[in-house]
Amino acid sequence: MLPEPPATSASASRQSLTQLADAAGPAPYRSPWPARRRAAVKHLGLVVLGVVMLYPLIWLLMSSLKPTELIFRDVSLIPSEIDLGNYTAGWTALQYPFSRYLLNSAVIVLGSLVGNLVSCSMAAYAFARLEFRGRQLWFAIMLMSIMLPIHVIIVPQYVLFSRLGWVNTFLPLIVPKLLATDAFFIFLMVQFFRGIPRELDEAARLDGCGHGRIYLRIMLPLSLPALATTAIFTFIWTWNDFFSQLIFLTRPDMYTAPVALRTFLDSTGQSSWGPMFAMSIVSLVPVFLAFLLGQKYLVKGIATTGIK
Amino acid sequence: MSVVSELRRTTRSADGDQPPGRRRRARGGDRPATARPALRKGDGRAAVVFLAPWFLGLALVTLGPMLASAYLSFTDYNLLQPPQWIGVENYTHMWHDPRLLNALRVTFTYVLTAVPLQLVVALGLALLLDRGVRGLAFYRSAFYLPSLLGGSVAVAILWRQVFGVDGLVNAFLGIFGIEGKGWVSDPDTALWTLVALHVWTFGAPMIIFLAGLRQIPEMYYEAASIDGASRVRQFRSITLPLLTPIIFFNLVLQIIGAFQSFTQAFVVSGGTGGPADSTMFYTLYLYQKGFASLDMGYASAMAWLLVLIVAAMTVVNFVASKFWVFYDD
């Protein structure tokens, strides 16, 4: 299957332009390569690169289905027989069943989701629609806080949260999100809110709506794409987060999936590779699903804000 | 519109001599054509309500801890005894701490190779995928997926294996009869496996580039092609200049992000930064100092040095941008 040349009407009009230009000046540029061959080479290259990119992930999946002693000996990608032994072994290999760690991750993700959606959209409404003193300054501070390295606040945060007795609870990971500290999402929603016609809220104001109702009844319903983008990124980033979970959750019963996964590494030796691969796959599945379901919003989100 | 260009605009209009409202209007902004609108009645109070969570977070979770961290950086503090004021000793000690100097070297090497490499690959692929490739959605997904998974512990574990003695890379080299080695366990190559991991996640900047390419009007290329400009020439004279703002903010954000990389080095090295400190990222050393040795004063000083470095790199980037970034506004 080779791609067709572009639509005829467009090429016809370009043709006439080209002829005009021929009469007027230097010859128009034509590529020395036939378009079809160029396209074929391009696709071949892209497919090869795609395979190289995804191969490690596919290999991880396939290896998790092989008995451990075959992972490194059996070079073929497809397992000769599918063996779920690694999954059952991995599920119970650590101090607590892996479901416990998944559940811990899920609780943190859920809390972060609620926090980011509510607090960031509120702040974004203020920045996008309210006239208040010092708005520019606060907005600039908000933008800069996006780029602030977390390390400069993590030590005092740890001191503070351990004073409060919050270490080894989920609070240090959830409460900041309720306070709109993921400023990236404020920015994302400000961008989106600015695109909503002001006439809508002016009309609502004339009908007697206050800001609370404009925010709830007009801005939020019209911002579902931005809220979806926020939700998906929050989900993926919180699920993948490691640094803060490693610091605040040190008791095995509070471990999240990533923190638990890395304890597999402590029990070195090739015997544990199989179960470790299996649980790696398990911990990647939610992110993969979020990617499949939310791809549209992910792509739009990074394209409009310029952040991965 | 990216964070960087927004910040650039905000700070520029804040320090300009014109009132910000007028400048915004001159650029065809979204404000009505009156002079700077008077503060609407009741907006101030509403703003306090809507921004309350954010203000609280700023005070308690961000600015407060920042000040505390600045104070702690001048103390000796191990979490158990109260902080002891020791002046600038933490900072002076850094210059005599060979492991810290090594961590700086490792991190700079990583940032200055991984970020440009990743952006070049991202830009190349975006150019290939631009302007109607069949199956664009498929390729885009295939290239983007790694950048979503790349920061996870699971992928770092996978990476440890891919570049291990029995790993995929060596299996591939074996096909050509090349004897591989333990890339992760060799101090000369361990860091480069992390660079490879970063390049592998080129999908996110690629999508940003794709969005930027789509905004370049097709007629520029038509005009250039009529004038006889070759593809290469079109790229050099149209695509590249119009893309420089996007390349610039990708560069700024990726550099800031890469300085803070942690998970990959932590997992691939098993938490040690080894072999022989060759993957000892700055943040990893900070973690070891602060949360393993509980030397929290020193860790705070390290964090502030990180902020200074990141800020300096950003300033350098902004200054340098005057010479190569093309803004048509």
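Helices are DSSP runs of H or I of at least four residues, and strands are runs of E of at least two. In this predicted model, that definition can be applied to a stretch of chain B, residues 141-159, which is 84% helix and 0% strand. The end C-alpha atoms of this stretch lie 21 Å apart. Residues 46-72 of chain B are 100% helix and 0% strand, with end C-alpha atoms 37 Å apart.

Chain A contains 15 helices and zero strands. Of its 308 residues, 41% count as buried. Among contacts in chain A between residues at least 6 apart in sequence, 76% connect residues at least 24 apart.

The two chains meet in a contact to which chain A contributes 78 residues and chain B 85 residues. On the side of chain A that touches chain B, the largest share, eleven residues, comes from helix α15 (residues 273-305) of chain A. By class, this side of chain A comprises 53 nonpolar, 18 polar and seven charged residues.

Helix α15 of chain A also has a part in the largest nonpolar core. This core has 162 residues, of which Ala123(A), Ala124(A), Ile186(A) and Met189(A) touch the most other members. The helix that gives the most to the core is α15(A), with 14 residues. For Met189(A), once neighbours within four places in sequence are left aside, the contacts are Cys120(A), Ser121(A), Ala124(A), Ser223(A), Ala226(A) and Thr230(A).

Conventions
Residues are numbered from 1 along each chain as its sequence is written. Chains are lettered from A and ligands numbered from 1 in the order in which they are written. This is a predicted model: local features need pLDDT of at least 70, side-chain atom pairs count only at pLDDT 80 or more; totals for chains, interfaces and linings use all residues. Two residues are in contact if their C-beta atoms, placed from the backbone, lie within 7 Å. Ala, Val, Leu, Ile, Met, Phe, Trp, Tyr, Cys and Pro count as nonpolar, Asp, Glu, Lys and Arg as charged, and the others, Gly among them, as polar. A nonpolar core is a set of buried Ala, Val, Leu, Ile, Met, Phe, Trp, Tyr and Cys residues joined through C-beta atoms within 7 Å. A residue is buried if 20 or more other C-beta atoms lie within 10 Å of its own, exposed if 12 or fewer, and partly exposed in between; C-beta atoms are placed from the backbone.
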